Amino acid sequence: MKKPIKDVKSGSDTYQLERRMESKPRIGVFGVGYFKYWSQFDGLLEDLLKKQGVFLEKLKKHQVEIVDFGLVDDAQSAYALVPKLKAANLDLIFCDMLTYATSSTFGAIIKNMEVPIVLVALQPDKAMDYSRASTYMQLYNDDICSLPEFAGVAVRFGKQVPEVIIGTLHDDPEAEALIGEYCRIAKVLHGLKTARIGHIGHPIEAMLDMHTDATMLTAHFGVHVVQCEANQIVHQYVNQVSDAEVTREEKRILSFFDTPDPVSDPISEKLKPADLSVAAKASLALKKFIESEELDGLAYYYNGEDNSPTQLVMSNLIVGNSLLTSSGFPMCGESDLKTCLAMFIMDRLGIGGSFAEFHPVDFKENFVLVGHDGPHNISIAQGKPVLRSLKKYHGKPGFGAGVEFKIKEGPITMLSISSTYQGKFKFVMAEGESVEGPIPPTGNTNTRGFFKPDVRTFLTKWVKEGPTHHFALGIGHHAGSIQKIANYLQIESVIVS
C-alpha cells in the first residue's frame with residue numbers, strides 16, 4: 001500500500017502540503033563498446049567504464065532506482081543481456097554510447113525490448129586537443145560515432161528510432177536537462193503501469209465526448225479503474241468524523257485559502273461557516289476513502305436525490321479534492337476519466353495539472369480565459385487561492401464552497417486526451433502563456449491564456465484536432481515531453497502551434 005500524504009504544520013495554523021510517497025521508477029543502464037579495442041589499447045576499457053560511472057552519478061540526482069548492467073561489447077553479450085533487462089521490470093533504459101560499437105551490441109536488445117530506450121552520447125572532452133591527438137583519444141571521445149548505425153538498425157527492425165541525448169559529459173546544462181526530462185518521463189510511465197484511478201458516477205448527461213471505456217484505459221495506459229460508489233464516502237466515512245477532527249480540518253483548510261468578501265457575482269458570498277464545515281467533513285471522509293481504496297486519482301460526478309445527505313457531501317468534495325490534487329492525487333469532476341489521466345501525466349512530470357476548459361475570449365487584449373469549476377491544483381496557483389461560498393454550482397446540483405485562482409503567470413501547457421471514431425486515444429497539446437490581469441470573481445479558476453499567433457487562429461486550429469472540451473493545464477512548456485510519452489505509449493498526438 002502506498003503511504004498517504006501528510007500535512008506538515010510549520011507554525012500556528014500554518015500548514016504545508018507534502019506530496020505522497022511514491023515508488024521510484026526503475027531505469028536500466030548499459031554501456032556499449034567494441035571488444036576488439038581492449039587488446040589494442042591498454043586502459044581504454046577502464047577509462048570508458050569510468051565515463052559510465054560519471055553518467056550513473058548524474059542519474060542519482062533524479063530520484064530514480066538505477067540498475068547498472070555494465071558493458072555490452074559483442075553480439076553474445078547483447079543476447080545474454082536481454083533476459084536480464086526483461087526480468088528487471090524497467091520503465092526506461094539508457095544506452096550509454098561510450099565509444100564506437102557495432103550494432104550487434106544493440107540489435108538483439110532493440111528487437112526484444114518494448115521498454116523505451118534512450119541513446120546517450122556524452123563526449124568527455126568538449127573538443128580534442130588536435131596537436132596531441134591520437135587514436136586512443138579519438139576512441140575515448142567517439143560517443144556519437146554509432147548513433148546513425150543504431151538508428152538505421154532500429155528502422156530495419158521495424159522499431160522507432162530511439163530518442164538521443166548528444167552533448168558533453170561535463171558542464172553541459174542542455175544534456176543535464178534532457179537527462180532530467182527522461183527521468184521524469186520514466187516516472188510517468190512507471191506511475192501509469194500501477195495507478196488505481198477511482199471512478200464514481202458518470203459524465204454529466206449528454207456530454208458525449210466524456211464517455212470512456214475503462215478497459216481501453218488499461219489497454220493503452222496500464223492503469224486500473226476502480227469502480228466506486230458515492231455512498232462509500234458518505235456512509236462509511238462521513239459519519240465516522242468527530243467534531244474535533246472537523247475543527248482541525250477547518251483550520252487546515254483556512255491556512256491554504258483566503259476568504260474575501262464577494263465582489264460582482266450575485267451567486268457568490270463570503271465563505272460561510274456552514275459551508276466550511278461541510279467541506280471539512282467531506283475532505284476528511286475523502287482522505288479515508290482514498291487510503292482505504294489505495295487510489296492514485298479520482299474522477300467523479302453525482303447527481304442523485306436533491307438535498308439528500310449524499311448529494312450534499314458529493315457536491316462538496318471540491319476543497320478536499322483540491323488539496324489532494326496538489327499533493328499528487330489528480331482529481332477531476334464531471335466523471336472525466338480521460339482528463340484525470342491527463343492531470344496524472346502532468347503531475348508525475350512535476351508540472352501540476354489542473355482541470356480546465358475554455359471560457360470567454362477577450363478579443364480586446366487577445367487572450368482566452370482558461371479554467372473550470374470544481375477541484376483544482378493549488379500548487380500551481382498565482383498567489384493564495386480563494387474560497388467563496390456559492391449559492392449554486394452552475395449546471396450541477398448543490399451549493400457550497402468554490403475554489404478560485406489563476407495559474408502561475410508564465411509559460412503553460414495544455415493536454416487534452418480525446419478518443420477517435422476508431423476507438424483509439426489521441427493527445428492534443430498546446431503551449432501558451434498565462435498573462436497578468438484580473439479574473440472573474442466567480443469562485444472558479446480562470447487564467448488569462450495567450451496563444452500564438454492570435455486567439456482566433458489558435459482556437460480554430462485547436463478545435464480542428466478534435467479535442468475533448470476538458471483538458472489538463474500545467475506550468476512550463478512541456479508539450480515535447482508529453483509527445484514523447486504518447487510515442488512510447490503508441491498513442492497518436494499532435495501539438496497545436
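# A tour by selection

Select Arg-448 and Glu-365: their side chains make a polar contact at 3.3 Å (a pair of N or O atoms within 3.5 Å; within protein, one must be able to donate a hydrogen and the other to accept it, and residues adjacent in sequence count only if both atoms are side-chain atoms). This is a predicted model, in which local features need pLDDT of at least 70 and side-chain atom pairs count only at pLDDT 80 or more, while totals for chains, interfaces and linings use all residues. Residues are numbered from 1 along each chain as its sequence is written, and side-chain values use heavy atoms, with hydrogens and water left out.

Stay on Arg-448, which sits in strand β19 (residues 445-450). Helices (H or I, at least four residues) and strands (E, at least two) are DSSP runs, numbered from the N terminus. Is Arg-448 buried or exposed? Arg-448 is buried, with a relative accessible area of 8%; buried means under 20%, exposed over 50%, and partly exposed in between, with a 1.4 Å probe and protein chains only.

Next, select strands β4, β3, β5, β6 and β7. In that order they form an open sheet of 5 strands with parallel pairing; two strands pair if DSSP finds at least two bridges between them. The edge strands, β4 (65-72) and β7 (163-168), each pair on one side only. Within the sheet, β3 (residues 26-32) and β5 (residues 92-97) pair over 6 bridges.

Contact means heavy atoms within 4.5 Å. Helix α7 (residues 173-194) also packs on the sheet, touching β3, β5, β6 (117-123) and β7.

Move to a second open sheet, of 4 parallel strands in the order β9-β8-β11-β12. β9 (224-228) and β12 (331-332) stand at its edges because each has a single partner strand. Strand β8 (residues 196-201) pairs with β9 over 5 bridges, and His-199 has Gln-227 as its bridge partner in β9.

Finally, select Ile-200, Ile-233, Phe-257 and Phe-289. In the largest nonpolar core, of 62 residues, these touch the most other members. Such a core is a set of buried Ala, Val, Leu, Ile, Met, Phe, Trp, Tyr and Cys residues joined through side-chain atoms within 4.5 Å. Helix α11 (residues 273-293) gives the most to this core, with 9 residues. Apart from it lies another core of 54 residues, among them Ile-185, Ala-195, Val-223 and Phe-344.

Notes: Axes fitted to C-alpha atoms, helices over the stretch in contact; angles between N-to-C directions.
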